[in-house]
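Subject: Structure for your files, with notes

Dear colleague,

Please find below the structure that I said I would pass on, followed by my notes on it. I would be glad if you read the two side by side.

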Amino acid sequence: MIEIKNVTKTYNGAKKAVDDISFTVNDGEIFAFIGHNGAGKTTTIKSIVGILDFEQGDILINGKSIKKQPIECKKEMAYVPDNPDLYENMKAIDFINFICDMYEAERKERIEKYSKMFEMTDNLNDEISSFSHGMKQKVALISALAHNPKILIMDEPFVGLDPKAVFDMKEIMKQMCKEGK
């Protein structure tokens, strides 16, 4: 469960990007932000995952504060940013394993499953620098899913993906919901 309680985030001490926002996302739910550019969607997401600090309120991940227990919170989630900045000089499989190592996760079967699903199996030993934006997005998704997170947070995850990958991601999200994630 994600609980956002009266969160306010300002930039330069003046411009409010997020103004006293509160909401709850229960286990097994899919929640989406829809709004115009500059509405605070990405700022809120980056606050939830602990990338950005905020001035007021609190964000709880399964009852733990992202401010007070950031490591414990981050262990429960995976984050796929709107623009996957990956280590370009790494092979895709090395990057995926690097991410899984941070979570000390068993991963072999999930890497095989998601690589096959996203049609990336033949590219796992290629350098990320040779990939299109969509292929980089698939690597980011595989690395996020491979450690079996309880919470998956994505910021514009479908940008650059082909229609099949979008469909597959929708099916993955449905399955995660059925599992109470």
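Predicted model: local features only at pLDDT ≥ 70, side-chain atom pairs only at ≥ 80, totals over all residues.

Residues are numbered from 1 along each chain as its sequence is written, and side-chain values use heavy atoms, with hydrogens and water left out.

Helix 5

Helices here are DSSP runs of H or I with at least four residues, and strands are runs of E with at least two, numbered from the N terminus. Helix 5 has 14 residues and spans 20 Å from its first C-alpha to its last, which is close to the 20 Å expected at 1.5 Å a residue (the expected span being 1.5 Å times one less than the number of residues). Of these 14 residues, 12 are buried, so that the helix is mostly covered, where buried means under 20% relative accessible area, exposed over 50%, and partly exposed in between, with a 1.4 Å probe and protein chains only. The buried residues of helix 5 pack against strand 5 (77-80), helix 3 (92-102), helix 4 (108-117), strand 6 (151-154) and helix 6, a contact being heavy atoms within 4.5 Å.

One of the buried residues is S143, in helix 5 (residues 133-146), with a relative accessible area of 4%. Leaving aside residues up to four places away in sequence, S143 touches F95, I96 and I99. Just after helix 5, N148 takes a positive phi of about 60 degrees.

Its two helix partners

Two packed helices are described by the angle between their axes and the distance between the axes. The axes are lines fitted to C-alpha atoms, for helices over the stretch in contact, and the angles run from 0 to 180 degrees between N-to-C directions.

Helix 5 and helix 6 (residues 163-178) pack at about 15 degrees with their axes 12 Å apart, and are therefore roughly parallel (under 35 degrees; over 145 is roughly antiparallel, 65 to 115 roughly perpendicular, and the rest oblique). The contact is made by K138, L141 and L145 of helix 5 together with A165, M169, I172 and M176 of helix 6. By class, this contact has six nonpolar, no polar and one charged residues, where Ala, Val, Leu, Ile, Met, Phe, Trp, Tyr, Cys and Pro count as nonpolar, Asp, Glu, Lys and Arg as charged, and the others, Gly among them, as polar.

The axes of helix 4 and helix 5, by contrast, come within 9 Å and cross at roughly 150 degrees, and these two helices are therefore roughly antiparallel. On this side, R110, I111, Y114 and S115 of helix 4 meet I142, L145 and A146 of helix 5, a contact with five nonpolar, one polar and one charged residues.

Two further residues

D101 lies in helix 3 and is partly exposed, with a relative accessible area of 47%. D101 and H147 are 46 residues apart in sequence and 8.7 Å apart in space, C-alpha to C-alpha.

E76 is found in the loop between helix 2 (70-74) and strand 5, and is buried, with a relative accessible area of 10%. Not counting residues up to four places away in sequence, E76 touches I61, N62, K64, P149, K150 and I151.

With best wishes
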